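This briefing goes through a predicted model chain by chain and then turns to the places where chains meet. Please keep the structure open alongside the text.

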Amino acid sequence: MNDAHLPVERLSIILGEVKEVRVTQKGPRRTRLDVAADALPALLELLKGRAGFVHLSAISCVDWPDDAQFELVYHLWSYELNLLVSAHTRIDRDPGVYVSVYDIYHPAGFFERDIHEMYGVFFEGAPDMEKFILTEWDGPPPMRKEFDSEGWVNDHFDWQDYRPDWLLELEAQGGGVMIPPDEQRFSRRGIEDNDDAG
Amino acid sequence: MHWSELAIELTLMPLVAFVVGLAMVLMMRKIAARLQRRVGPPLLQPLYDIVKLYGKRTQTSHGMLHEIGIVMAVGGYVAAETLLPVPGMNGIAEKGGMITLLYLTMIPSLGLALGVGQCANPNGSIGISRALTAMLAYDIPLVIVIAGVAIHFGTTNLVDVIAQQQAGGIATWGAVQMPLLAIAGLFALQGMLGKQPFEIYVAPAEIATGPMVEMGGKFLGGLFVMQCFQLYTASVLYVTLFLGGGENWIAFLAKAFAVLVIPMSIAFLFPRYRTEDMITMLWKWPVVLGLIGLAFVGS
Amino acid sequence: MSAIDYKKSGSILNPLKNLSFFARPAITEPLEPRRASLRYRGFHLNDWEKCVGCSTCQKVCDNAAITMVKVPELAEDPLNGVRNLRPAIDYGRCCWCALCVDLCPTGSISLSREYVHTCTDDQLSSYFMLPDPNGMHKEFFGEGWNKTAENDLVDPQRQAMNEMAPDARIANFDEIVAGYDRQQAIIEASRCVQCGMCHDACPTHMDAPEYIRAIWQDDLEEAVRQIYNTNPFAHTCGRVCTHRCETACSVGKRGEPIAIRWLKRYAVDAFTPEQIQAIVGTGDTTPTGRQVAIVGSGPAGLTAAYDLARLGHAVTVFEGLDRPGGMPRYGIPEYRLPYDKLDADIAVIEAMGVEIRCNTWIGRDITLDQLHTDYDAVLLGLGLQLGRSTRIPGSDHGGVVKAVDVLRDVTAEIPETVPASAVVIGGGNVAMDAARTLARLQRQVHGAVRVTVSALEDFEHFLADPEEVTEAREEGVEILDSRGPKACIVEDGRLVGLTTLKVLSIFDEQQRFAPKYDDGDEQMHSGEMVVEAIGQMSDTALLGEALTERLAWQRGRLQTDDDGRTSEDWLWAAGDMVRGPDVVHAVADGHRAARSIHRALAEAKMEERAS
Amino acid sequence: MRAENYEARNHPPSNEFEINFGPNHPGIEGNYALKVKVHGDEIVAARADGGYLHRGFEKLMEQRLWIQNIALVPRICVPDPAPMEVAYSMAVEQLCGLEVPQRAQWLRVLLLELSRLAAHLFTFGGHAATTGMYTPMFWGVADRDLLLDLFEELTGGRVYSIYNIPGGVRRDIPDDFLTRLSDTLDYIDSRLPDYDNLLFTNQVFVRRARDAGPVSQAQALDWGVTGPNLRATGLAFDVRRDDPYLVYDELEFDIPTEQPGDAWARTLVRRGELLQSIRILRQVIDRLPDIGGPIRAPIPNPLAWNVPAGEAYVRIESSKGELSWYVVSDGGDKPYRVHIRGPSSMHAVQVLEHLVTGCRIEDVAQIMFSLDACPPEVDR
Amino acid sequence: MTDTEQFPVRVEQPDRNGGNIFSRVFDELTAFCRSRSLFILHYCTGCGAIELPPAMTSRFDMERLGISPMVSPRQADILLITGYVSVKTLKRVMLTYEQMGSPKYVIGICSCTVNGGMYWQSYATAKKLNDYMPVDLYIAGCMPRPEAVITGLRQLMDKIAAGEANGWEDYYRRYDYYLGHQQRLFGETWQTPTDVIAEARHYGLFGPETLGDHTRLLEQHQAPLEALEMQLGLGAPDEVKA
């Protein structure tokens, strides 16, 4: 490697060899790559082999139901260049199958397993797709956007029914609970509107 | 000695042992508290624990052997107490002697092994195998030490041993006469009590308290009682062998407690060895010391 | 402290050094709980005096731990934004994050330094607690985490409104206030905590939280839809409303209230009347065959017309002057309410199918009886177009005029000689309007402003809005407080000024109007014109004597039932003549009257069918 | 009789036991399980089993407003909560382009280092306890409690400080806080010889910890190990220095490393970090009074706060290793997606399984504690 | 199922008013000792557990009240539920609870044990602890400070000494209720190795609500107990993938 180049330049030289990758500089140490799903493993291999990106920091999955896609983000760190590269790729939500990169990065084993149980994305070639966290969960993959956690909770649990003395007293006077907590929750606004519409 | 006197003695000796043992447990916990910079339990805490455990309404037994094991564990020590002379009471010490005592102190471990084996808990099994290994480890120096003492005093009768030591004051104490053996004896004592660094068979973080893991209610209570006896036995045995026994109750108790301070203080300042390290440790230094001591004694 | 070498195997004796701890004391704390730190986040406290029940705490709590509970013994005051609701906390949910404290608009809620609460299963109701200033167990442990300037998440500053500088605005009648741009409006809308106090305080109960939120989301169509739910005079109200909502606003309890009026203005200004009409639709267009006559095309009349037209009734509005709009057009100066904006409001209303006949004086061009016979219902929506007189000596001089007349003439572009100097009697907004209008005319004609306002009230109890006073001053108007008019001085038939006396008190012990003056403190304010702006009344001559006799009156105002129906079952009245001068009240009144008329017409129809 | 923790009676006679190490086991850090197959004393197979502390944070955060999440985030890693708050706040700031005032950045460093100090004191105690020495646990937790007193004073909460919000911190330091901080640091300093005597130069402890669960540097890189565990293999990498955030580039501190990568090396690295944290805190004490200005950049009304669409990847050096947060906003008032990469998700699962296999049962707990695994961070 | 013949359970009904003076004194003594010696099960179910080490160690030293941590459920008297319990943990907690020897006490600390706490929307955690087992004492806080925990434990001690902490009896008396909630959460086929109904008969705590619809369901689904297969999943990866 030529030390005369700044890390970012060195990275761009390497990336220049790859076709169909869109590079966005997001910060002095952050680079975003967008790449097609079939080109990603090769890109990772190149980054690991040529640019010293030996550390797979994380694989994040983002669900985009409107596009019917999952976005997979591979965050790579190079201990040599002190650079973080986030490689983004998108796969179809249905059937939600992708190739494992365990052969290139062993930490992928954990993240792919996690994404599998949380999103239901299957990684072909992964050594272990068994559930880890949700071993006793038989519902849908919970992190998918269409899974309504609160709805599920309300179906499965009861809530405390408090009857403190002061409340009984107030009720006797004509007062009492006016606005239960559920009625004024900003975080649910959009969701409930949609429910009404639907 | 009249049989009724003997019967009273045989009843009283374990009873005394239990009460003193309770105080010893308390002392141990207080020493721990002191070193750990805290207050520690109230005075009657060991008693509360035992009464509570016996008062539990659920007594889950895992079968006959489970119960027999605990009875053996406690019973072994009860029998052992009658062989340990205390001021004013010799019990059947004259008839038993060191060798019998040595055997009796092994019974609890075996009983425990029986009982725990019945529980079928792998942690317990591992714990028991470790306990037996530990026994094997400390028994070698212990046997050497006891042999040394027996040779030195020319008898295995504990009453005689005490009498010989008390005859000439401190100068005739085993510890003064056989310092090396006394030191080796301390190692054996530490191992016998199963305190750190030799605490390998309870090991909560490794095998979840090993033999105790399936014990609840009176079974655990039995183990707590056993602990009282264990502390008492080990301490009094050491006092008898090396510190001249008890001239009177005050001296006796003072010595017994003082002896225990050493292992107890050490216990809270060290981690436990691995099993093989413990064996190496116990088979190396105390044995070497003991053998040298034995050589001195023999010569 | 030095590093330890990995290779060193340690010592067996070092740990024994710690036997020294036998000689060192224990560090155990006593059993009784210690006092928590000064900003500890313990159980909640709530100062019931400060709390207004706005439920902001409830909204920021996504643990859904807060329930709003009605406490009947507490007073409710919607006009000042006080509800008798108080938050109750569920400690089975709370996580003591204290966001409720940081976001409380009033600063009433805080966390205490108390942290011990235990209970058995059957006492579990004690986990649901109504915080008061005393603490959870009626013992005060001191305030812990409370509201300070550092952690206050309520932004007390509203977005600054761009206004024309005094120099730029004094010589013309251009609108002073520029209005918010998109960025400002979104930020201002984001300040809202959606408490709904504004909704409660607003005479017409506008859905302010909803349209503010829509503005924040940049969904202006939704905002306009929400606004038009309750107010077809959106352009007008967005400019000249008396904004009771802002008085009640809970953010205004400690800081500046949300600029609800300006936000409304921003939302409706974004659309042309045609677009607005498309957004709000035309309502139920099936004609009912009923006809309603409305006298007066002010806010009350036109609001009723809007509602009734959307319900399918045929509505005709009669206006005496040559342009519709009523008092907002003829009583409010153009720099506050440009005519094209008023026209926009009226255009939307007309688009609903309302017919407006201008230059039709009831009583002159057509009689009320005629309307009675021709229409199924008649609504009077008269403004207060007659000024009251001070009746002080000299007030009958031709140079002494009424403020309403001045304003009307300016709107109607009736040429008039502009006095080089003028004195305005009165301290209300009308006085300010007159003074500032005159100031503008003077500037245009004479190049210099010489207007004096003499008000009865002192500045602490001033009637006009503070910003009006400030702006008037900026424009060169001299404002004197606590001055009672004594006489208009006429010399040689020419009006030269007004003398005033220092006011000692305005009301007597019974709170009746009975001003007392200090005769020793007399001042002379020179002016070629004296404008009286001390109150208005409506011109009820059109009712005719017989009808006037039959109707009930109170203090010169027509008395109606709650819905605006008079004692005559065909006649309704709404607006200033019933409620006093205020656009938004008139709008509210218009809605009420329209509802009442619609109900009456529907009942009549039922009866017809039955018969 | 059937129970979770054991069942051997009905098994055919075999030398191999299967043991559930946890979730209810004192040798397990937190509520976590390791299923191991032992042959005699030796472990022949191991399988980590998590999810006992799963709360679905990533889902919960998608359901809550940006501001509401500040109460949620510290819960993700209970023993070391501060880095979670800071990382989340930094991510939101990146998305919004908020400039955090200098003073707030220094206060964050103060919080982070205090938290690291507390976490390490806790870890030493835990590690010692797995080897049967309980006194360091009693001391360590008690001394950590003094730090918690400082947290309480500064933030109003002992453990969950909820001190950071996007834009800065919630409160400035109280009067005389720096004096008390300095006193506490002096006290901890004065206690370090005791810890050295008791633990770090204890022959028995050294003997147990040395060679337990060794990781080579190549393995560490291969398995994605970070933090003290990586530095114990000889790679001097620290996010604070190599991917600096806050004001760490203005601070002087060393990065302690060791070569062998076993439990003893990890312990020594942590001991070194403890000293470095004290050093950093002393610099903060010196510098903080001179740094004026606000403690918080203004943020919109939290109830109506749409964070611009975008993504942010924030990395922080927590006491366990590299903590990263990936936060995606779709321009709404709630996060669109939050992914938390707890450092322990590497060394508490795959690495632990690897290290435990082949070792003896007595070292399982020690390896787990020496890796400083934090199960809630794995389960999220 | 516990084979009650294999695991005999000693039944002694405390009779506070009757009996001779010695048995009364003995009962009082037992109650007193019970209150003075409490073993807490060392099980960190949730985040509140982080405040237990301080409570147990030097600064707040629980041992001065006779409270110490214990490792296995058989040894313990107190099941301390430290905050939220995930559904996965709750299963273990139920097994643990049923294995503990009576009298046993359950303490729910933190908000989460009462009404779901801040994780009330979470699909992964149980919300109301007292749906699944009787709870003797709650300590409020998120999480409660060590002092609060200690205060709570002292109150529990008083209650035990006064013979009031009898929540565990409720589990037998209303087993159907608790089982119903467990089945709702864990599925109809949920069963534990302990034969609670038989134990209830043994303790003389069998009541009208011990049996019900849910216990009938349990009997329908009850499978003979087998050794728990260890699911290492190391041998058959293909099976796992499918």
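**Briefing on the predicted model**

The model is a predicted one, and the points below are grouped by topic.

**Chain B as a whole**

- Taken along the principal axes, the box filled by the C-alpha atoms of chain B is roughly 55 × 50 × 40 Å.
- Of the 299 residues in chain B, 65% count as buried.
- Among the contacts in chain B with a separation of 6 or more, 80% are accounted for by residues 24 or more positions apart.

**Helix H6 of chain B**

- Helix H6 of chain B covers residues 122-153, and at 1.5 Å a residue its 32 residues should span 46 Å, which agrees with the 45 Å that separates its end C-alpha atoms.
- At Asp139(B) the helix H6(B) bends by about 30 degrees, and a proline, Pro141(B), follows within four residues.
- Gly154(B), which comes just after H6(B), takes a positive phi of about 70 degrees.

- The secondary structure of chain E comes to 10 helices and 7 strands, and buried residues make up 60% of its 242 residues.
- For chain E, residues 24 or more positions apart account for 82% of the contacts with a separation of 6 or more.
- Where chain E touches chain A, 16 residues of chain E are in contact with 14 residues of chain A.
- On the side of chain E that touches chain A, at least two residues each are supplied by helix H3 (87-99), helix H4 (112-115), helix H7 (175-186) and helix H10 (237-241) of chain E, and the largest share, 3 residues, comes from H3(E).
- Sorted by class, this side of chain E has 5 nonpolar, 4 polar and 7 charged residues.

**Chain C against chain D**

- Between these two chains, 41 residues of chain C are in contact with 41 residues of chain D.
- Helix H1 (56-60), helix H2 (99-103) and helix H4 (182-190) of chain C are the elements that give two or more residues to the side of chain C that touches chain D.
- The residues on that side of chain C divide into 23 nonpolar, 10 polar and 8 charged.

**A helix pair within chain D**

- Helix H3 (residues 82-96) and helix H4 (residues 102-130) of chain D have axes that come within 8 Å and cross at roughly 150 degrees.
- From H3(D) the contact is made by Ala82(D), Pro83(D) and Val86(D), while H4(D) brings Arg108(D), Leu111(D), Leu112(D) and Ser115(D).
- By class, the contact of H3(D) with H4(D) has 5 nonpolar, 1 polar and 1 charged residues.

**Asp219 of chain C**

- Asp219(C) is found in the loop between helix H6 (208-216) and helix H7 (220-230) of chain C.
- With 15 other C-beta atoms within 10 Å, Asp219(C) is partly exposed, because that class lies between the 12 or fewer of an exposed residue and the 20 or more of a buried one.
- Asp219(C) and Gly447(C) are 228 residues apart in sequence, and their C-alpha atoms are 46 Å apart in space.

Notes: Residues are numbered from 1 along each chain as its sequence is written. Chains are lettered from A and ligands numbered from 1 in the order in which they are written. This is a predicted model: local features need pLDDT of at least 70, side-chain atom pairs count only at pLDDT 80 or more; totals for chains, interfaces and linings use all residues. Two residues are in contact if their C-beta atoms, placed from the backbone, lie within 7 Å. Ala, Val, Leu, Ile, Met, Phe, Trp, Tyr, Cys and Pro count as nonpolar, Asp, Glu, Lys and Arg as charged, and the others, Gly among them, as polar. Axes are lines fitted to C-alpha atoms, for helices over the stretch in contact, and angles run from 0 to 180 degrees between N-to-C directions. The expected span of a helix is 1.5 Å times one less than its number of residues. The bend at a residue is the angle between axes fitted to the seven residues ending there and the seven starting there.
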